[in-house]
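Biologist: I would like to learn how to read helix packing and a strand sheet. Please take me through it.

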Amino acid sequence: MNISHTTASASAPPTLSFAELNANPHQLYAELRSRFPFVRREDGVYIVLRAQDIETLISDPRTRQIETEMIRIRGINSGPIMDFVSYSMLFSNGETHRRRRQPLTRNFAFRMMAGLRPKVRALSQDLLDNAVDKGRLKLRDDYAALIPAITIAGILGIPRSDVPLFTTLAYEVARILTTSWTTEDIPGIEAATRELTDYCARLIAERRKLPRNDFLSEYVAKIDETPELSPIEAVMQIVSVVLGGSDTTRAAIVIQTGLLLERPHLWEAMRSDPQMIVPAVAEALRYEPAVGSIPRLTLEDVLLDGHLIPKGGPMSLSTLSGLRDPAVYDNPDAFDPQREQPRWHPVFGGGEHRCLGEALARIELEEALTTLTTSQLQFGLGSQPLRIHGHAAIRKVDELEIECR
């Protein structure tokens, strides 16, 4: 059954460059969304714009997760990046995806993650106490980056002293999940991918030799007892966890804090009413998502509003556009923490590929904001505004220095 809309346009959806899409994606999507169900990017990717289509296509049997197609389009056919994409659960489907994800699922369940909340709260407070320097806080690098990094290190049993190493590598490898890299960047990303893969392989070998009472030891025991994963698959799932537990949450903490500090009346409301924290986090994820799109590939022709996405067409289901679709959200360009949100937030994806770390990410975002809004310090934006880059995939944020007094 084809998805259709009553506002079909006779003209063809436009093809746009990366530069055009990145310049002001919210304004561009708002202008195009009512006229076209998708636009085509210069690299051949179909960017789906409407919330209804995104919700349907994310679990439509006519689509699947993109595997190696996207990096092949961009000229990568072998090497450490290809190995990561080929063997990670992030880029697999069906039984292969289930087999790779299953050994990790229980440990990241909502009830298991809930027990981490006090540790994340204490970590956030400790980081804030130590990060404020002479009336300024480097929000991204000295606070937002360290909350998910130290938390995932604790889950995996990684020494805290290794956090700077594996996060530096993770941020470089994660560029492959963005739209901001070019062929000139490939050698650096490949080197980081190789080093991070070797690091995770050493961790697994150490736990196999000397098990501990931690997640990684349990993971090693599970994959050894039921050897469904090849050695390279076993390593790449841990690489995937390290990536998933680092970059997107770092950006989301900066974004939600910046959005609220841009609106002092809302910041003061957060300080007065802690019950507003959870809806404010959800609204920030809607208003400026750190994950701007979800990739899919068509398995057969798909018609949207009379326009064809052909079989084999790579799609980018734009959360950036869909989460501001006026067909779903009233006054979508307003930042409103009182807005009613769907129970399952679209930014975390859907179907079998819904984000494994959703529960952990929510805890980290909520506790990071709670620590700031309950602090005795008064915070305000400095001269630099919140800057977010990218129209799709993982988006990037600049450092945001905030004033403390």
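Biologist: What is the handedness of the crossing where α15 passes α19?
Modeller: A crossing is left-handed if the near helix is turned anticlockwise from the far one by less than a right angle, and right-handed if clockwise. Here α15 passes α19 in a right-handed crossing. This is a predicted model: local features need pLDDT of at least 70, side-chain atom pairs count only at pLDDT 80 or more, and totals for chains, interfaces and linings use all residues. Residues are numbered from 1 along each chain as its sequence is written, and side-chain values use heavy atoms, with hydrogens and water left out.

Biologist: At what angle do the axes of α15 and α19 cross?
Modeller: Two packed helices are described by the angle between their axes and the distance between the axes. Axes are lines fitted to C-alpha atoms, for helices over the stretch in contact, with angles from 0 to 180 degrees between N-to-C directions. Helix α15 (residues 247-261) and helix α19 (residues 358-373) cross at roughly 40°, their axes coming within 10 Å. The two are therefore oblique to each other. Oblique is what remains after under 35 degrees (roughly parallel), over 145 (roughly antiparallel) and 65 to 115 (roughly perpendicular).

Biologist: Which residues of α15 meet α19?
Modeller: Contact means heavy atoms within 4.5 Å. Thr249, Ala252, Ile253, Gln256, Thr257 and Leu260 do so, against Ala361, Glu364, Leu365, Ala368, Leu369 and Leu372 in α19.

Biologist: In what order do the three strands form the open sheet?
Modeller: Strands pair if DSSP finds at least two bridges between them. Helices (H or I, at least four residues) and strands (E, at least two) are DSSP runs, numbered from the N terminus. The order is β5-β13-β10, with antiparallel pairing. β5 (136-138) and β10 (379-381) are the edge strands. Three bridges join β10 to β13 (residues 401-404); Leu381 has Ile402 in β13 as its bridge partner.
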